[in-house]
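Hi,

Here is the structure I promised to send over. Have a look at it first, and then read my notes below.

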Amino acid sequence: MEDDKWIDYDRVAFSLLSPLCQQLMKSATEDTVLKLNALIGDTPPETLQVYRRYILMPLCLSLKKKCVRLNVKIHIVDCLSTCIQKTKVVELDQFMRIFLELFGLICDPTLLNIDPNIPEELKLSVLKCVAVLIVNASNKVLDDFYCEKSMPLISHGIHCCLKLAQEELFIDLRIAALDCLLHVCQVHRGNHPNEIDANDKVGHILMICFPGITLGLKKVICADEKQNHKITMLAIRAWSRITSQVMGGCFTSEADEADDDDWVASKTDLLAFIDKNKQSCNSDSRKLMLNTLKEKRRTKEWYSCASRSIFPILDEICLLYFSNWNVRMEMVSAAELLLTHSRNMKECVPSLVGVLLILSEDEMAVVSDKSKGVLDAFAKNFDANHSHTLIEVMGDHFLKVTQKLSFSTPGEEDLRTSLNMMCGYLRLLGRHSHKIIRSCVHLDAMLSALFKTVKLDYLFVSPIEDWSLGTSGSDILKTCPPWKCFRNFKEKSIFGKFKDICFLIAQYSDLNVLSHYLLHLFYEDIENQREITLVINEIFSSVPSSQGECVFPIIKRIIESYLDPEMWRVDPKGGMGGGVVDLARGDTMAEIKGRTVEACLLVEGLGMLARIATSAQAHALSLDSWYFRVCLYPILERIGQPNAMLAGAGKLALAHISEAMGVTIPDIIHSNSDYVIRHVILKMKKASGFSSPAPLHVLVAVLEFSSPVILNELEEAVESVVNFGFKYANDPRSLNCLKCLLVFTKFVKMKFPKPIKLSKMVTVDAAEMDSPASSERARTGRMGSVTRKLLDYKRLRETANLNLAGDQCDSESEDECGDAEDSVLGEIDTDSDKTKEKPPKHVMLTVQVLQQILAFISSKDKEKKLMALDIIAEGIQIAEGYDDELLPLVHKIWSPLMVQFTSDDPLIMHCAFNLLLVLALVAKSFITERTLRKVLPELSKFLMKQSKMSCKKDSASVYRFSQAYKLQYSLLSGLGDLAINLEFQEQDLCEMLAATTPYLSSLQPQPLQDACINVYKLAWALDPNITFLKLAHLGNLLQDMKPPSQEFKVYQIPHQKNFSVEYSKNVSLLISILLNDS
């Protein structure tokens, strides 16, 4: 019954399919093809298998018709693909006809090139249909198809797939072309061990197309990565599988070769034959060539020749870097597959192992882990099946890689690949590395490659650049030093890989041989001296602790070489750069930059070697004491350099020492301060002690990193600096002393901060702060001094009257009041005693410094004068609160300071005004009278004069970069604070506002307008009445002011006709802000 039912179903299906097929034979329309495709999709595979020939025939015939439109042919190919997918192709002739028709559909009449007029959609459908055809063909059909007589069809299909994969732009089409190539070459399922015979047969067929396939896929693999990573992945997969298919077979035995002499023909003979006959195009010559190819077999000689031929291509592919990790993972799989079938590719084994070594250092863990697993498995299998180990084989290839890197200038990607390979080689060689490094050829090639890799681009370094690192050791280590600017790369990951290589060299090498060779190059190879220093630093700072005592003599030799005066470049004649940057010697800028970078690397190296020199084993041998005795002073000397880059290198070295010892930088300075400071004092006490600024540089470094407890030890050193600076005030080297003293005053100011003063005489609670009386005090506090005195007089009179009218306190109350009074008086007496106590040592030492510095304010040397003003501005704040020392010092400062405000140099006047602000803050009313009488008129005169110069100077004006403009801005920013600290009276406030009024104009630069607005805000806090009157006068807000009594005259306010427009904006802004805040 079931058979009858199926027969009935087949008849129904035939009755539905037959009309559509007949209609398709007559006229292939889009509607007919779509209906047939839908019907095929709904028909069971068993039924379709019965009528497949009747369905496929009209479809194939329709593809041949030129009258059928291309869009209809697309649907026909899709319909054909649907039918084949649900059936099994069991006839060879049908398979070959469809195969030929499909590829012929997208080619030109010559079948040599892809027809450019064919739409991409049709090409895509054809490629998918070919893949479906091969998948659904029976094994017998495929076995019969892959033979010599089908070679023209197979080679044509391969040619079309490669053309489409190389030339098309549509990504999906290129992916489909590579997928179709996998199917045509029968490698879409991989190489199955149970199909060895079939694989060998296909490999025999593909050997003829193998050169073209390899070159075509290499173009796709090496193309720009913008093509999409899936295309690259499929190309690598196709290349590896086809290569494995062709090269993985067994070569013909000697007995088989004796049966047929033609089989011994080599690939060279075949190529010579083809070249000889390529000019003739007739059928006889093609038949002769086909017969020749048919007789060829993959002999031992052919494999050897093919291996040598594909080696350059394989080596180029293996050295490529791919940014997408999926592609790199595919490369691992490709290398694994080819190494599995590497018995016929001996020349290619090092390159395949090399790509695994490269990818074993990949940043993606999944890629590196798989690479390491494949590499380990292959190494074990190789060592078990060969008389020599893989390490012995790879030694020579390692030499080739390093030599290539040392003689070429690769880009960043190629450089990363080469460094990954070197790193992988060192890991693979492991403990055998010392055997290779003992070879002069290998050692020279490896080090030359490293020197070429980290070539420093010192020409872009600025020796005078203001570059600083701070004082925190952890922060310093995180910075990227500017002296490590590399010529061949910019990415930090490449330098990190270089450090990994140095670590492996230190771990597996013979350090004695390596150190002797590197130190020899350090003295002899001047051109690469910077790179050699960098390599020495990285290698010998990475020595593992297991090396123990054997490495200590090496570290000592390196340190002694670094501190060699010829290398350390200390100038015995002195100079601001300590002999490293000295323009007076006639050095070119390139030489100065190169020497600066070398000096930075040397001092950094001293710090990096602390990891070995301060270890527990070194401490047991007292090497750490020797290290600090020899290295700490030179490092501190670099930190005190005026050259910011050298100072930064010294700080970085100190940070390395701090990290190695696990202590802070101040702790290191403090624990060695007695030795360092004593060394400084002894050098300065010598007759020629100040011939070099080195002791001052060391003292500056000590001050920058020290803690307050070191002050007692610093006293004698500071006194020596002060005495020299005062005794030889006209000597140019005294400027170094001034710089050192400036650092000292900053050190004292930072390490000995002023305590917060709390008033013990008056306590105000929250309720009183909210009381009306408190509000009244706040209101009167903003009035002028005359008004405040009148109000105070009135309040005292009222209080006196209340006390006279009040009752007397009872005896108990009197006792309590007496006790409270005694307590308060006691506190007052205590405070008074404290003020009479001798100031602390740091205050006295600072005052001593300032007294000696006063002479430099009148110096004709501008730089010394500016430095003296800065020192006094920093140091005078330390004496605040100690009036017996402060006020006489201020009195001595005043006369030379007052002269500076008459200077024509804006920079000197700027520094003098900054010092005046500090004096006003600490001395207050002590300098009020003389400031108003001598200084304020000069400041007002300058502001009025420069207001005309700065008018209409926009942001693009050069004037904004002048010292005069900076002084204007500084004066406007500081006058308000000066007025509050010195408690300007009404007349003085009016004079100040008159001088700053021009800067409320909208024609002035905006920063000056903002600074002037701030002056008016502070003046409002000091006396709102005067400030409002000035604004009202400026903005024409009032015509007159009528007093409450008729006995006084009405005050007429002059009308400002010319200035109201340009001042209206800022005046209105000030009025709105000040009235809202009051």
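This is a predicted model: local features need pLDDT of at least 70, side-chain atom pairs count only at pLDDT 80 or more; totals for chains, interfaces and linings use all residues.

Residues are numbered from 1 along each chain as its sequence is written, and side-chain values use heavy atoms, with hydrogens and water left out.

Of the 1078 residues in the chain, 50% are buried; buried means under 20% relative accessible area, exposed over 50% and partly exposed in between, with a 1.4 Å probe and protein chains only. Take contact as heavy atoms within 4.5 Å. Among contacts with a separation of 6 or more, 76% are between residues 24 or more positions apart.

Now some helices. α18 (residues 349-359) has 11 of its 11 residues buried, including P350, S351 and G354.

α49 (residues 963-982) has 20 residues and spans 27 Å from its first C-alpha to its last, close to the expected 28 Å (1.5 Å times one less than the number of residues). Even so, α49 bends by about 35° at G974, the bend being the angle between axes fitted to the seven residues ending there and the seven starting there. In α49, 14 of the 20 residues are buried, so the helix is largely enclosed by the rest of the structure. E983 follows α49 and has a positive phi, near 55°.

Then there is a helix pair. α28 (residues 552-562) packs against α33 (residues 623-639) at an angle of about 5°, with the axes 12 Å apart. Axes are lines fitted to C-alpha atoms over the stretch in contact, and angles run from 0 to 180 degrees between N-to-C directions. That makes the two roughly parallel, a label for angles under 35 degrees. From α28, F552, K556, I559 and E560 meet L623, W626, Y627, V630 and C631 of α33. These contact residues comprise seven nonpolar, no polar and two charged.

Finally, W325 sits in α17 (residues 325-340) and is partly exposed, at 35% relative accessible area. Leaving aside residues up to four places away in sequence, W325 touches M364, V366 and V367. W325 and D362 are 37 residues apart in sequence, with 8.9 Å between their C-alpha atoms.

Cheers

Conventions
Helices (H or I, at least four residues) and strands (E, at least two) are DSSP runs, numbered from the N terminus. Angles under 35 degrees count as roughly parallel, over 145 as roughly antiparallel, 65 to 115 as roughly perpendicular and the rest as oblique. Ala, Val, Leu, Ile, Met, Phe, Trp, Tyr, Cys and Pro count as nonpolar, Asp, Glu, Lys and Arg as charged, and the others, Gly among them, as polar.
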